[in-house]
Amino acid sequence: MHDMHNYSFASLLRHGINKHTTWPKAWRSPPLRDSYDVVIIGAGGHGLATAYYLAKEHGLTNIAVVERGWLGGGNIARNTITIRSNYMRDESIPFYVKSVALYEAMTRELNFNTMHSKRTMIDVIQNYPMMRDRRRRQHIMDIYGSTYEQISEAEVRKRIPALTGGGPDARLPVIGGMVHTDAAVNRHDAVAWGYARAIDAMGGEIHQQTAVESLVRGADGAIEGVQTNRGLIRAKKVAVAVSGHTTTLTETAGLTLPLRTMNLTAFVSEPVKPLVDVIVNCPDAGFYFSQSDKGEMVIGGAPDMGQSFRRDIKQHVFEDTVSAMLSLFPSFKKLKLMRQWGGHLDIAKDASPIMDETDVPGLFVTAGWWGGYKAIPAGGLTLAHLVATGRPHELMEAFTLKRFRHLDYVMETGTTTAR
Amino acid sequence: MMNIPCPFCGPRNEAEFAFGGPVKPHRPDPNAVSEVEWTQYITTVPNPLGPVEERWWHVKGCGTWLTIWRDTRTHDIVEGPGDAG
Amino acid sequence: MQVDRLGGGGLIDRTKTLNFTFNGRPYRGFEGDTLASALLANGVRLTARSFKYHRPRGIVGSGVEEPSTLVELMGEDASGNRPVTTVPLREGLVAKSVNCWPSPEFDIGAVNQLFARFIPAGFYYKTFKWPNWHLYEPSIRKAAGLAGAPVEAPKSGHFENRYAHCDLLIAGAGPAGLMAALAAGRAGQRVMLIDEGMQAGGSLLNRNLTIEGKPAMDWVATTVCELDAMPNVTQLQNATVWGYREHNFVMVNERAPEHPSILERNWRVRAARVLCSTGAIERTLVFGNNDRPGVMLASAIQAYVNRYAVRPGKRAVIFTNNNSAYGVAADMAAAGIDIAAIIDSRETVPDAARAAVPKQEILSGHVVYSTHGGRLVKAVSVMPSNGGATRRIACDLLAVSGGWNPAVHLWSQSRGTLAYDEALSTFRPDTPVQNAISAGAANGDLTLADALRSGAEAGAGGGKTPEIPASDDLPYAVEPIWRVEQARGKAFLDMQNDVSVDDVHLALREGYDNVEHVKRYTTGGMGIDQGKVGNINIIGTVAIQKGLPLDEVGTTTFRAPYTPVSFGAIGGIREGSVSLPYRHTPITAWNLANGAFMYESGARWRRPGYFPRTGEGFQDAVNRECRAVRNDVGVYDGSPLGTFELKGRDVDKFLDHLYTNIMSTLKPGRARYGLMLSDDGLVADDGVALRLSKDRWIISTSTGHADAMNAHMEEILQTEFPDYNVFITTVTSQWNNVTICGPKAREVMEALGTAIDISPETLPFMAFADGHVAGIPARIVRVSFTGELSFEVNVAPRDLLALWEMTLEVGAPFGIAPIGSEANHVLRVEKGFLSLGHEVDGPIDPYDLGLGWAMSKKKADYFGKRSVALRRDGTTNRRELVGVIPEPDRMIPEGAPLTPGGERKATEGFVTACVYSTVHDRWVGLALLENGHSRHGETVHVRLNEGVIPARVTPPIHYDPEGERLRS
Amino acid sequence: MTYDAKIDRLPIFALFDLKGPQEALSKWAKDTPAFPKGPNKLTHKASATLCHIGPRRWLLRDDLENEATWSASLNPEEAPADISIVRVSDTQTFFRITGPDASEVMSIGCTLDLHPAVFADDAVSYTEFFGCKALVLRCEHGFDCAVEQSFGNMIKDFLNRATA
């Protein structure tokens, strides 16, 4: 354990005098040892958060996060950075409320500016069943202290002046909106790097370019470690946090999980001067976006239908999202696409997350995250609790793997179909 | 936009098809299998990093349900459906 | 005055003078100019300010690679962040620099230069934390963002999207692309030749080369002419191949289609083969103050001199590490530019290169380590590579050439692999994955002869290769130099994002040592140009610092688009009323004409919610419609229900598997309600089955699930039960219906006139009969979704409007009213009829909904049976459907949660629907409540933020529990 | 007008959906044009057209005035169990797109390769047209394109936009 180098204006000035040649490494690259108390697979958001809370809350520092590629290069490198808690179920809302709160405190907690910008999300509603769905969320969210308010169409347009489509003669006229003031965006890379720096300072290790080839079980069936491209690493506890590739790894331990891997559309526009200062979510049209501090519109859209481990998107899925966007924001016709990609994730049979110890004793998974970026801090907090204590954290009790034994689904989708 | 080989129509744009999911093992007799076997059948699908056998419905074309092997890493169709009438 | 326009030459039309405005000042150029060449012709050198430090910047390149000057076009073709080099000049063009205010000459943001030392890469991660980011964010947002945001859609014209198919798509009409098109075109292949420039020729437009002893552009003109005459060849100029997707699906953005009303066109091309002949991009060199106006790519200067007849400076220094700059030097000298010196970092300059400029002083083994000047370069400082005396050379132009990178973007998008080529010191195409090939400079064939040959071979694709015309070109040789070590001053790797060598070093020092970390921490390569000229130098800088070979450092991912594409072109004509599909029934127009309030309903139908009369509000109209049905008679259009005809020997067996209840026992002429589950025991759909004869059935599904049920049935038949003899035909649009419901429905039927005996004895509830109604062939079905006596009169759509109008006419004396889906909702809630969209929530099963009777015990197996049983075994406290009566009487919002005692606790259910019942003159509702079936009579509590609403639990049926009325 | 193409929305045709083994069908349906030789091919007989649109699936098209005659001749109610004959005349709305630019208009909405070498005079196929399932075949100087009737207005809307 060592003290984290303090980042501040003062340190910037001090190092600036030295032409910045004196900055220490944000994290070290210690030699890989052959055994740890806990090995976490995947230095993405959930893996890093889990390591962070294992060290911080449970004092477990003999831990290693192993990463096939580069730290922060998982889905956390490819998501659309929306943090919110407007869910529908008793099982889900408190979890996301906690996650939002942990995100809000993160910059100071990690001494690393995650640029957390609590800028409110506005749902643009164009269909009565959707409004009913959102109002249903509002009442149940209120129980857990998450805010959701209905606003009129006029108010929606006042708060999003660029929303000039969806008028009375439009294919789907805007009928109103919902305001979620808890919602925020931040800087995804900063979250990964901030956690990595803190883990390193507390004595945890992060090993990049360390690809797990298989999970290794002992004679008693329990987990014994992981076989990597750099050799065998022993650990009595192994946590898999590799969104998208979960089944690829768990199959090596003989497990079959109710997950399939899918691909989500994401793209950014060229950077332009500030135009939209809230997160705009259009559930009926099927897209959402926010404008980054750099000025780019960061846009997320529909999933591709088939299973996919590609990090590319299909043209027709992309076009669906773009034309939906243009129907509400016709001025964006002149805006230009700058970059596009697909983020992949694994989705469970009931579309809710799975955080549990598997049938292989000592092997834990965190998976099934659909929009898992917002869940990173609470996911890490609760998985660390489970790994360290062997008991589920109260915020994640519903997200077990056991629920599938009785098909006891936690279904976030509500009754939104038409009459 | 993949180009999916339909046994009746020949290769067609993916937009003419509806995705039917990966092919699961044949539906077991629900009265002849254990709870675990049944839930396993119901909740899990093959999710390989590589070729997966899956179904597509040529809904905007000839109506055929067809099966292909598609590589989930690349979308390459590594094995097409056999001929049909 | 076009002070720097050469007296002759160039591919411009000097007879067509064009007026334009840049940063508020008027200028003139010629047809054929780009905005960049016109500005240079007018002597404008300072054209931009940089993103972070607001350093003065000029024009660096001549095409899409331009890293420095972005402009915003104003007026009717408003568009932001356009590289100045890609804007064709036109009369009346108004443009301004982005990112500086009020102008590049006097830019307020330039104060940032004073703090430059204290704002290295990633500084914001370390600061702006106190008290929180919100304090700083607004001003940072304002400073970022480059061009202004678009404020309105184009006023006229539209974008278009189309499909195309070809045997060979060629990206790039340079020498390789043209040769390939000739080869494939002559062989009769369907060829698409796509080029991003205003005219074909690629590098030949900019270079002074000969083919068959004549100017190369003569050959280009002849070739284009021959291709034009081939009906199997499509040539597009000013069009960019911007995306290469799976299965050789290729995106082309055509920016100025010949149809004036089409603003831009996006082609989606399925190509059997794709040739990437996308050329190469010259890379810059990295030394101190390498961003000063007047520092330009050598190839760009060559383009300005040869193609645009512009002299971008009077006295030039050339700094190179390869041969190609020598050809440039010759062209510059020929244009009257004084070459002060050629600085070549190589110890030995090949003779072939020297021969291009025989009398020129060449400082081999030297480097430029810094430049001097303010808003324009005035001099460069030079020293030997391995140390020694420095020398300062005055100039107003510095041509830099760091060697050539094949434009592998498209190739890489196709998933083709790259390999590092030591001789060319760059990454070039290696192994294709899709049916792609690469030729010309894009393939590393960097001389004209090689390009012509590889293009011809690629186009022939193993067939007959056309004769390759003779050409001359300098042989290419390069010795890489990723950064000048002795650099003094900021040495930029990425000019657009102001990323310098120091920034990359800092990133590495702090542990951000993967090339992706470097990119993200420094933002290098993340600008609009996506690092086309500089990325390789970043990789090289990382390689040097880490002591690794370049190919081990690797590249970052090349993603679409190659150059930015407007969203309008991607969306095409799918906007406004057609942004989503919509459907109509034969009386949609009648509904609209009669003031119905219409809205989106399931499966893309727009349906009437209610029919307000003058002065009537929502609730009044719905109440009136409900009263009409309960007291007199109402009528609605039930056409959108999914309808299928099933035929075959095994239909009954099939339906028994599909539905939870038994269908096979149904007799011809009778109908039966049925419930369908998914195999994991979730309620999938409900509907009614009609048995027409032993082997013919009609089944209906809910509107919203029609497509899904169709898919489900076909899948089962084709995959699970291929031996079953069952044919399914969708007849949703063959059988529309007018549903007449209410105590006076039979009287209205009689008034319409039918020979069918509609007495309750002959045609009871759940029976049907074929015949005529009002002279129209019809099938009358006795089903009811309202709880009243009801006749569903099914007719062909061609007859629907006539029947509808007649029904209203003959029904008028009985007080008939058309009713919308809102009244239908109220009526079904009063009856406790299931609406999938309301009461089916999560893992609710038929037992929870009080439909346990529909779960056949006799059948050993049907979809969902085992799963429902299994789920019920494993869970307690199921949410069950009940009625709720709010006490005191008031409305409960649909979806409102029920909590124990109305406290702020986890919910025990929610109100699925709450309607104003005209029968009871009060609000009644339905709810899903934990163990609700055993809690009838209890008071439960709706918990809302504004207060708690007590509600009495009842059975989920508020009207006619015995069902006497619907059977009447 | 961007394109030189004429767009007509045609009155409904008589349409019959025929499913089952070809031998059984041809035994029952005697007056139809000869069964086409291959998938997605069509044959004519007088004003009637028989399209092979799917495995064991055909569509018979004729002018509406002949609907009753076909109903009597095909007699769907009495057809044997192993074949299916369903009148579907009202389910499809036909658009006729003709003129020098007919192919260009088609290329905006249709994913299919309609080059004459690939899609000849005797070709017919279900495909996608402006997002809808559509039957496409050639007519004199252009194409006939049929979509599910309830989408007819939307397709007209699309075609107006495409040719604006």
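Predicted model: local features only at pLDDT ≥ 70, side-chain atom pairs only at ≥ 80, totals over all residues.
Visitor: Why are helix α2 and helix α7 of chain A called roughly parallel to each other?

Guide: Helix α2 (residues 45-58) of chain A and helix α7 (residues 188-202) of chain A pack at an angle of about 30°, with their axes 9 Å apart. Angles under 35 degrees count as roughly parallel, and α2(A) and α7(A) are therefore described in that way.

Visitor: How do you know which residues in α2(A) meet which residues in α7(A)?

Guide: Residues are in contact if their C-beta atoms, placed from the backbone, lie within 7 Å. On the side of α2(A) the contact involves A:G45, A:L48, A:A49, A:A51, A:Y52, A:A55 and A:K56, and these meet A:V191, A:A192, A:Y195, A:A196, A:A198, A:I199 and A:M202 in α7(A). Sorted by class, the residues of this contact comprise 12 nonpolar, 1 polar and 1 charged.

Visitor: What makes up domain 1 and domain 2 of chain A, and what separates their centres?

Guide: Domain 1 of chain A takes in 9-81 + 188-257 + 350-406, while domain 2 takes in 121-180 + 260-348. The centres of these two domains, taken over C-alpha atoms, are separated by 30 Å. Their contact draws 18 residues from domain 1 and 13 residues from domain 2. On the side of domain 1 that touches domain 2 there are 6 nonpolar, 10 polar and 2 charged residues.

Visitor: Which chains have the most contacts among the 5 pairs that touch?

Guide: Among the 5 pairs of chains that touch, the most contacts are between chains A and C. In that pairing, 99 residues of chain C are in contact with 79 residues of chain A. Helix α4 (residues 133-143) of chain C gives the most to the side of chain C that touches chain A, namely 6 residues. That side of chain C is made up of 41 nonpolar, 34 polar and 24 charged residues.

Visitor: How do you know that strand β15 of chain A and strand β31 of chain C pair?

Guide: Two strands pair if at least two bridges are found between them, and 2 bridges join β15 (residues 336-348) of chain A to β31 (residues 565-566) of chain C. These two strands run antiparallel, and the bridge partner of A:K336 in β31(C) is C:S566.

Visitor: How do you know that chain A and chain D do not touch?

Guide: The nearest C-alpha atoms of chain A and chain D are 10 Å apart, and the two chains do not touch. The cut-off behind a contact is a separation within 7 Å, taken between C-beta atoms.

Visitor: What makes up chain B, and which part of chain B gives the largest share to the side that touches chain C?

Guide: Chain B has 1 helix and 6 strands, and from the N terminus on its elements run β-β-β-α-β-β-β. Its C-alpha trace spans about 40 × 30 × 20 Å along the principal axes. The contact between chains B and C takes 19 residues from chain B and 20 residues from chain C. At least two residues each come from β3 (18-22), α1 (35-43) and β4 (51-57) of chain B, and the largest share, 4 residues, comes from α1(B). By class, the side of chain B that touches chain C holds 9 nonpolar, 7 polar and 3 charged residues.

Visitor: What makes β2 and β6 the edge strands in the open sheet of chain C?

Guide: The open sheet is formed by 5 strands of chain C in the order β2-β1-β7-β5-β6, with mixed pairing. Strands β2 (25-31) and β6 (79-83) each pair on one side only, and they are the edge strands. The twist from one strand to the next averages 40°. Within this sheet, β1 (residues 13-22) and β2(C) run antiparallel and are joined by 7 bridges, with C:F30 in β2(C) as the bridge partner of C:T17.

Methods. Residues numbered from 1 in each chain as written. Chains lettered and ligands numbered in written order. Axes fitted to C-alpha atoms, helices over the stretch in contact; angles between N-to-C directions. Parallel < 35°, antiparallel > 145°, perpendicular 65-115°, else oblique. Nonpolar A, V, L, I, M, F, W, Y, C, P; charged D, E, K, R; others polar. Domains from an automatic or database assignment.
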